[in-house]
Amino acid sequence: MAIAKEAAVAEWGALFGTVREQVARKKFAAVPLATAATCLILLFSIVQHLPGGAQFVTRIGVVKAALPLDVSLLRTPLSLYVPALDLPVWGALAQVFVVFGIAEIVLGGRLTLVVAYTCTLAGTLFARVGVAIGPDHLFGFPKWVAHVRDTGPSAAVVALAICVAFRCRAWFTAGLVVATMVGEAIVLPNLAGMEHVVAVIAALLIAVSVEVFGDFWPRVLAGVGAADVVATATASLEAAAADVRRRTPAGAAVP
């Protein structure tokens, strides 16, 4: 038991401490993005069960591989918050609030959005490619999959779990998530399972890129800012010197 406790502390101790501190200090203000995402999922769940609501939700947030690409791209941001009809909405609400909340605290709101939308979009585009190449290929799908409703936050949740585990060096958790998603795709070879694997791959690429290049652009921008300050100061000095020369009578010594 002591060994298991030590392993749990080593895996999640730092993460738990960070999240607990932020939540204790700021309450819901610590996770505004997670709160808004959870409320949006609840709202879409209610609306799509109202008379005429399903058609409205479909027009603004339901993505299918059969749709034109531009329509799918326009709907993808909202499709993340449209819960699947065949799954209990409370599961999506709990997943999004917990995982988005932890990611928002650990990764920051901006990176959380980037990961969630990038990996959701990767899954959406993969579905189109899979339908295009057909069932004769390993990663292909039959034509009828093009008409399957492709919505929900699951791909984003999986991707964020990977990125949080990577950031916190929770390698066992990251490996467990990867193994679970690959196992799901093997046991249940459907669109959702394959999209989860694509989300895992995209999340790993983002996590590695952030680790390698995370401070590259801030350094570049800081360098550009410093160069701009130096250039501005130099130009001001040159302008002042020129003004002094212009005002000094001919033959007089310039101080």
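A residue counts as buried under 20% relative accessible area, as exposed over 50%, and as partly exposed in between. Cys-39, at 48% relative accessibility, is therefore partly exposed. The structure described here is a predicted model.

A disulfide is a covalent bond between the sulfur atoms of two cysteines. The structure holds zero disulfides.

## Ala-14 in helix α1

Ala-14 belongs to helix α1, which covers residues 2-26. Ala-14 and Ala-170 are 156 residues apart in sequence, yet their C-alpha atoms are 9.7 Å apart in space.

## Aromatic pairs

Two aromatic pairs are present in the structure. One of them joins Phe-126 and Phe-141, with 5.9 Å from centre to centre and 85 degrees between the planes, an edge-to-face arrangement. This pair links distant parts of the chain, 15 residues apart: Phe-126 sits in helix α6, and Phe-141 sits in the loop between α6 and α7. Phe-126 has a relative accessible area of 15% and is buried. Phe-141 is also buried, at 6% relative accessibility.

The rings of Phe-166 and Trp-171 have centres 5.3 Å apart and planes at 90 degrees. Since planes over 60 degrees apart count as edge-to-face, the Phe-166 and Trp-171 pair is edge-to-face. Its two members fall on either side of the 20% cut-off for burial. Phe-166 is buried at 16% relative accessibility, whereas Trp-171 is partly exposed, with a relative accessible area of 46%.

## The largest cavity

Rolling a probe the size of a water molecule over the atoms shows where empty space is left. The count comes to two cavities of 30 Å³ or more. The largest cavity holds about 60 Å³ of space. Its lining consists of Leu-107, Leu-111, Cys-163, Phe-166, Arg-167, Ile-206, Ala-207, Val-210 and Glu-211. Two elements, α7 (154-167) and α9 (191-213), each give two or more residues to this lining.

Which element supplies the largest share of the lining of the largest cavity? That share, four residues, comes from α9. By class, the lining of the largest cavity has seven nonpolar residues, two charged residues and no polar ones. Phe-166, a member of this lining, is buried at 16% relative accessibility and also pairs edge-to-face with Trp-171.

## The second largest cavity

The second largest cavity has about 40 Å³ of space. The residues that line it are Val-63, Lys-64, Ala-65, Ser-72, Thr-124, Ala-127, Arg-128, Val-148, Asp-150 and Leu-191. Helix α6 (residues 109-133) gives the most to this lining, with three residues. Helix α6 also holds Phe-126, one partner in the pair with Phe-141.

How do the lining residues of the second largest cavity divide by class, and what is the count in each? Five are nonpolar, two are polar and three are charged.

Conventions
Residues are numbered from 1 along each chain as its sequence is written. This is a predicted model: local features need pLDDT of at least 70, side-chain atom pairs count only at pLDDT 80 or more; totals for chains, interfaces and linings use all residues. Side-chain values use heavy atoms; hydrogens and water are left out. On a 1 Å grid over the protein atoms alone, a cavity is a set of points where a 1.4 Å probe fits but cannot get out, and a pocket is an open set with protein on both sides within 12 Å along at least five of seven lines; lining residues have an atom within 4 Å of a point. Grid points are joined across faces, edges and corners, and a volume is the space filled by probe spheres set on the points. Ala, Val, Leu, Ile, Met, Phe, Trp, Tyr, Cys and Pro count as nonpolar, Asp, Glu, Lys and Arg as charged, and the others, Gly among them, as polar. Rings of Phe, Tyr and Trp (its six-membered ring) pair if their centres lie within 6.5 Å; planes under 30 degrees apart count as stacked, over 60 as edge-to-face and the rest as tilted. Buried means under 20% relative accessible area, exposed over 50%, partly exposed in between (1.4 Å probe, protein chains only). A disulfide is a pair of cysteine sulfur atoms within 2.5 Å.
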